[in-house]
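Hi,

Here is the structure I promised to pass on, with some notes on what turned up in it. Have a look at the model first, then read on.

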Amino acid sequence: MTEEFGESHEGIAGAVLAGGDEPKPVHLDCGGADGVRETGEWWAYDGRGDRPRAAAIRAACTCGWRGRPYPIDRAGPADDDRHAVDTGDAYRDWCEHIRAVERRTVPLPDEVTHLLHRLEDRLSVLAEQAPVAALRAATALQRLTADIAQEAAYAVQEDEVPWETVATALGLSPDRAESLLTHYLLRP
């Protein structure tokens, strides 16, 4: 998951069955307080119980994007050694997907990007040298950005920009973009 896009573009090394289909998520009993976990990760498809056996892995993103499949070498590592299977190709495919998402987002002006980097550098130094002052600065920055975000959200609403357009511009899912804007619109 990237910090910028969060759950809108969370990637996994997903399972692919021998026929090329993607299996339905499996439910794993994790025991304890966590209970049952649902996953589509390749390692959960080991053929045990009623679970199908993965023949390949591929990058899968929560946005619905899928990468190309890479066969799992069953002659190599033991089935229970999931760390011995190379997921690097799937990871590289997902990284390219994230780069494509980034290319579709609205670009920030160079001046703003530079200013943000300078601010981050300065606040990092301040956090080491004067942590309370850094907290004060961060609090002021949160207020400032929340006010600006609210103003921008009202402008987006006024201009009747479709959720899909906003989502693409921010690199988020339409639901996440709507939730974000609603959060700022309803802010006191």
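In this predicted model, the largest nonpolar core holds 20 residues, and those that touch the most other members are Trp42, Tyr45, Ile57, Ile72 and Trp94. Two or more residues of this core come from each of strand E1 (11-16), strand E2 (26-29), strand E4 (56-61) and helix H1 (88-104). H1 is the top contributor to this core, giving 5 residues. As a general point, nonpolar side chains in soluble globular proteins tend to be buried together.

Trp94 is worth a click. Leaving aside residues up to four places away in sequence, Trp94 touches Met1, Thr2, His9, Glu10, Gly11, Ala59, Ala60, Cys61 and Trp65. There is also a second, separate core of 6 residues, with Val166, Ala167, Ala177 and Leu185 among them.

Now for the pockets. The largest pocket contains about 1400 Å³ of space. Its lining is made up of 30 residues, and Leu108, Leu116, Ala149, Leu170 and Tyr184 lie nearest the centre. Which helices each supply at least two residues of that lining? They are helix H2 (110-129), helix H3 (131-158), helix H4 (163-170) and helix H5 (174-185), and H3 gives the most, with 8 residues. Sorted by class, the lining of the largest pocket has 24 nonpolar, 2 polar and 4 charged residues.

The second largest pocket has about 360 Å³ of space. Here 19 residues form the lining, and Ile12, Thr39, Gly40, Glu41 and Ala60 lie nearest the centre of this pocket. The elements giving two or more residues to the lining of the second largest pocket are E1, strand E3 (36-39) and E4, with E1 giving the most, at 4 residues. By class, this lining divides into 7 nonpolar, 5 polar and 7 charged residues.

The axes of H2 and H3 cross at roughly 145 degrees and come within 6 Å. On the H2 side, the contact is made by Leu119, Leu123, Leu126, Ala127, Glu128 and Gln129; on the H3 side, by Pro131, Ala133, Ala134, Ala137 and Leu141. By class, the residues of this H2 and H3 contact are 9 nonpolar, 1 polar and 1 charged.

Happy to talk any of this over.

Best wishes

Notes: Residues are numbered from 1 along each chain as its sequence is written. This is a predicted model: local features need pLDDT of at least 70, side-chain atom pairs count only at pLDDT 80 or more; totals for chains, interfaces and linings use all residues. Side-chain values use heavy atoms; hydrogens and water are left out. A nonpolar core is a set of buried Ala, Val, Leu, Ile, Met, Phe, Trp, Tyr and Cys residues joined through side-chain atoms within 4.5 Å. Buried means under 20% relative accessible area, exposed over 50%, partly exposed in between (1.4 Å probe, protein chains only). Contact means heavy atoms within 4.5 Å. On a 1 Å grid over the protein atoms alone, a cavity is a set of points where a 1.4 Å probe fits but cannot get out, and a pocket is an open set with protein on both sides within 12 Å along at least five of seven lines; lining residues have an atom within 4 Å of a point. Grid points are joined across faces, edges and corners, and a volume is the space filled by probe spheres set on the points. Ala, Val, Leu, Ile, Met, Phe, Trp, Tyr, Cys and Pro count as nonpolar, Asp, Glu, Lys and Arg as charged, and the others, Gly among them, as polar. Axes are lines fitted to C-alpha atoms, for helices over the stretch in contact, and angles run from 0 to 180 degrees between N-to-C directions.
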